Structure formats: C-alpha cells, structure tokens
Amino acid sequence: MSPARTTMPVRKRITPITAVSVLLVAILTNRPQHTAAYQVVSSLADLPLDANDHLASHILAYPASDPCASLIEDDMPSGRNLYGHVPIAVEGDAAAALFGDRLDNIDNEQVPITNVRQCPAVCLDRGVDSSLVAYPMPEKYYNPNQNKDHESSFDAFVASLSCGRVEFAFINYSPDTVSLYWANPNGDNAYLYPLERLEKNTKFIHTFIGHRFIAEDKDSKVIMDHTVEFSGIIGISNHENRHRHRDIRKEVQTTMNGEWSKHLQVKRTFSPLGFSKGRLPDDVFGSMRSYYYNNRDPPHRVQEEWSTKGLYVNYWESDCNFIQIPWELKKLWQVRLKDVVQEWVGVEIEQTDLYGVRQYEAGARLLTHVDRITTHAVSLIVNIAQGDLTSPWTVEVYDHANRLHEVVMEPGDIVYYESAKALHGRNTPLAGGYYANIFTHYRPMGDPNWYKKENPEGTPEPLIDVGKCELVGKPDDYSMGAVKCENPAIGPHLSPKMFTAESGEDLYQWWLSVGPSFDDGTTSEEL
C-alpha cells in the first residue's frame, strides 16, 4: 500500500449529469484514474450508462464507508494506472447489491479493518446491461486469499484478468500474411509475429486495456491500428461468403435422409422429451452479454467461414457472422454451464466443446440435423441477443416420439437438448433483424461410446404416448400451449402445426413447406 495522503479526496455523490462527466473525462484523457475526486453512488442506476442502457465505462467499485474507502483510495493515488476503469465508491442499495455479505466484515467490530486485503472491491465490465450490473462473475471480485493473481497487492488485482488485463485476438482476412506489432509507448514498435490468414490462424494474447497494436502488410503499409478497450477480437479485413442462387433440393433431400439415419443410431436417452427450456444464471448472462455487446460490430464481428462446412446454414443467401471467444473466458463459462447441464441430465458429464458467438441475419435457415455422436450427447443453445425480429425464430426440436416442438427463446434463455439424438434446426427463415447464439456440448464422463449403451437404472422414461392432442390456440402461438394433449407432461412447446416426422423424407418436406418457393414454384404440397 502506498503512503497515506495527508488530504483525502472529496467523494462526490454522482448524478446522471456527473456520471456523463466522469465518462467524458475517461474518454478524453484515457486516464480515468486522474479524476480529481472519487465519486459515490447509492444506486446502480446512477452509474454511467450509454444510450442503449449498457455500462458506458469499465468501473472499479468499492465501499464508500471507511476504513475500506480510505484504504482502497490510498492505493489509488493520482497517476496510478487503472487500465480504463473509473473508480466509484458505492453505498446504500448499490453497495448491498454488489457486495452483499461481503460487507459483513466491514461492519464487524470484533475484527478491525486495518489492511486493504480485508476490503471488498469488484471490477465491472463496460457493456454489461444495467439490469445485470449487480451480478458480476465471482472472478471479478478482489479476492487476495484465494486468487493467486491478487495476492501481492491491490495493484495486482487491478492488473489481473479480473480488471485491466484482458484476452484479445487477431484474425487476418487481408490478402496476405501480415506483420503484427505492439506499439510501445516510448515510440518503438515491438514485432510480435507473422499473422497468417483465416480463422485457424487466429492469435489470442494477454494484454492490457489501453495497449495499442499495429498490423502491416507485405509492403509495410499499416492496415490496422487498434487500441484495446475490452476483452475481444478484431478482424483485419473481413471474410466474405459470396451470395448466389443455389438450388439445393437434391442435396437437402439426401442430407435429411442421412440425419434421420444418424439420430436412430443413438440408444441412450437422458430426459423424457429429449429437451427442456431454462434460464442462464444472471452473472454468466451478464458476462456473455457484455462480451457480445462490446464486440457486436465490425471489425470485431466477422463473417463465419462456411464454404467448407456443408449446407446446414444458408450462408450463400444470408450472412452468418461470428465473434470468437477468448480461451480463458470460454473456460469460465464452460465450468458454470457444465454445472447447469449436469443438474438437468443427472449424470456426471465432461465438456467437449463451446462454440460461438454465431450471429444469424435476416433470411437465415438452419437445416434439421443431429450433432457429433461421440462428443455431443447433451448440449445447450444459449441466446445472447436478438433484435428487430418481426416474428419469433423458433428452435425446432423433435422429441423421442419424433413430434415437432417449436421453442421461443429470449436473450438469456437456454434450451437443453440431447443433440446427437434429438433432431433440431431452424428451417423457417429468420424474419428480419439478427439472432446471436452460443452452443456448448457435453458427454458422459470419459465415455465416447455412450450412445451404444442402454439407459442406466434411474433414467427418466422417454415420453412416447401422450394420448389425444388437439389445437386449442392460434397457429402462431409458439411456446404457449397451443396444442393440448391428454398427458400434460408434453409441455407447452408442441408445434401448432402438429407435425410428426416418420422419415428423412418427412424432414425434407418440412424444409420445403416452411421456406420460400423455388423458381419453378415447387412447394411441398406438389411433391
């Protein structure tokens, strides 16, 4: 801890006007730690927000009450680098929302606070929704007793992945290999490495908010000059999936027959229907939302490489965009989501993959399919963001009796599904706007042959017979119980079209029926 100042800074209570002022100081100087006075808020609604109601700056939050306020502020004298974080002291409802039980130590007269290590603090990511600010991931809190990166000092916490240190990636879609440099503040550019083309050559590094990087082409021309503002990725130019007319009917027909055969290879089941709907934990959702929000536009968002991946996504008709996720952030999400999925399936599982963020655009379609049989036993679809849709873009999932369910998702919703067995897709074209998802996959622990085995004792029986069903709602009442069956265990998501598949040909006919007609006017009714 640095020597105590003879004069403590005045802590000013923040209003929406002063919040904007703090943000302007941060933007104009890029040194928010140089503010002349520390700010105090009693409501998280008074934190600086942008026009979309997302946090407009990284925040270093700590209790406004002494002795912790003084101890922490003593460790933040003018000139110390906070890596773009605005220091704000919180009291009242704001302190209770962010710190909860962590405040008990401060109020405990039996244990006097004499060291900053006894005080709570947390770093809040720029870009998080105002409704999720109160739910930081546990790793964002100052925890010198359990986080080795915080052990040495409060400065170490500020310089760790909890705060100012970030993961950042570079992906090259320019015509040639480029040279990547770190722009040293002393004026020298430090050469890092050659950056080859395409997603497979993406380079992730650890760096700090405020660090600057430059990319030069083969003629030493600067084609990227970027200062890191958050954890993320940047594309040097962009990939392009060329739009063109394709008549893929025969290919789709063959593919649907293949997918039908693959889903029949799986013996084992985990749940009555093969899917269920749930909700992300708030802190995980907040972390995912801030990452997506900060990287949602080019050059951070690029087109996904699809030309060698088949026709499951109609990339030749509608752009399919992609935002890669840094490795360590991905691991944090994987650990938390594994717990969520494991509770659903009731058996010990292991992580096999996490993919995204994939952003679909207007007109997008996803063919009915099943996932990789050895690794994708149970999975999650996570909706991170969507906007400007003119109608819901339902997840189409077939249950163990091959009945079609159409599930509506909102941001923060998750759909659990047995992805190697339960056929799934989104064949109806996305009606306007955009739709951003993450996908995560698991299998029973250490068992690549799980699909060949019979269900172990205690596995829920597949729900096959649900009695007579009838349409009681409107044809577009998705996820609203539009179809009522004698057995209510079927749930609210049965498709109002009351469609059941019996073959790959049925899947093909479904694809034809919900999509646009072809140039010859072909529709499923005519085939």
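A disulfide is taken here as a pair of cysteine sulfur atoms within 2.5 Å, and a search of the whole structure on that basis finds three of them. The structure is a predicted model, in which local features need pLDDT of at least 70 and side-chain atom pairs count only at pLDDT 80 or more, while totals for chains, interfaces and linings use all residues. Residues are numbered from 1 along each chain as its sequence is written, and side-chain values use heavy atoms, with hydrogens and water left out. Helices (H or I, at least four residues) and strands (E, at least two) are DSSP runs numbered from the N terminus.

**Disulfides**

- With bonded cysteines counted along the chain, the disulfides of the protein chain follow the pattern 1-2, 3-4, 5-6.
- Cysteine 68 is joined to cysteine 119 with an S to S distance of 2.1 Å, and the link is left-handed, with -90° about the S-S bond. This pair connects distant parts of the chain, 51 residues apart, since cysteine 68 belongs to helix α2 (residues 68–74) and cysteine 119 to the loop between α4 (104–107) and β5.
- For accessibility, buried means under 20% relative accessible area, exposed over 50%, and partly exposed in between, with a 1.4 Å probe and protein chains only. On this scale cysteine 68 is buried at 0%, and cysteine 119 also counts as buried, at 4%.
- Cysteine 123 is joined to cysteine 163 with an S to S distance of 1.4 Å.
- Cysteine 469 counts as partly exposed at 25% relative accessibility, whereas cysteine 485 is buried, with a relative accessible area of 10%.

**Pockets**

- The search runs on a 1 Å grid over the protein atoms alone, where a cavity is a set of points at which a 1.4 Å probe fits but cannot get out, and a pocket is an open set with protein on both sides within 12 Å along at least five of seven lines; lining residues have an atom within 4 Å of a point. Grid points are joined across faces, edges and corners, and a volume is the space filled by probe spheres set on the points.
- The largest pocket holds about 800 Å³ of space and is lined by 35 residues, of which Tyr355, Arg358, Arg372, His376 and His441 lie nearest its centre. Two or more lining residues come from each of α6 (249–264), α8 (327–345), β16 (349–361), β17 (366–369), β22 (424–426) and β23 (434–444), and β16 provides the largest share, six residues.
- In the classes used here, Ala, Val, Leu, Ile, Met, Phe, Trp, Tyr, Cys and Pro are nonpolar, Asp, Glu, Lys and Arg are charged, and the others, Gly among them, are polar. The lining of the largest pocket accordingly has 15 nonpolar, nine polar and 11 charged residues.
- The second largest pocket holds about 650 Å³ of space and is lined by 36 residues, with Asp125, Lys140, Leu161, Leu329 and Leu332 nearest its centre. Elements giving two or more residues to this lining are β5 (122–124), β6 (165–172), α7 (282–294) and α8, and the largest share, six residues, comes from α7.
- The lining of the second largest pocket divides into 16 nonpolar, 10 polar and 10 charged residues.

- Two strands are said to pair if DSSP finds at least two bridges between them. An open sheet of four strands, paired in the antiparallel sense, has the order β8-β7-β10-β11, and its edge strands, β8 (189–195) and β11 (222–227), each pair on one side only.
- Strand β7 (residues 178–183) and strand β10 (residues 212–216) pair in the antiparallel sense over four bridges, and tryptophan 182 has phenylalanine 213 in β10 as its bridge partner.
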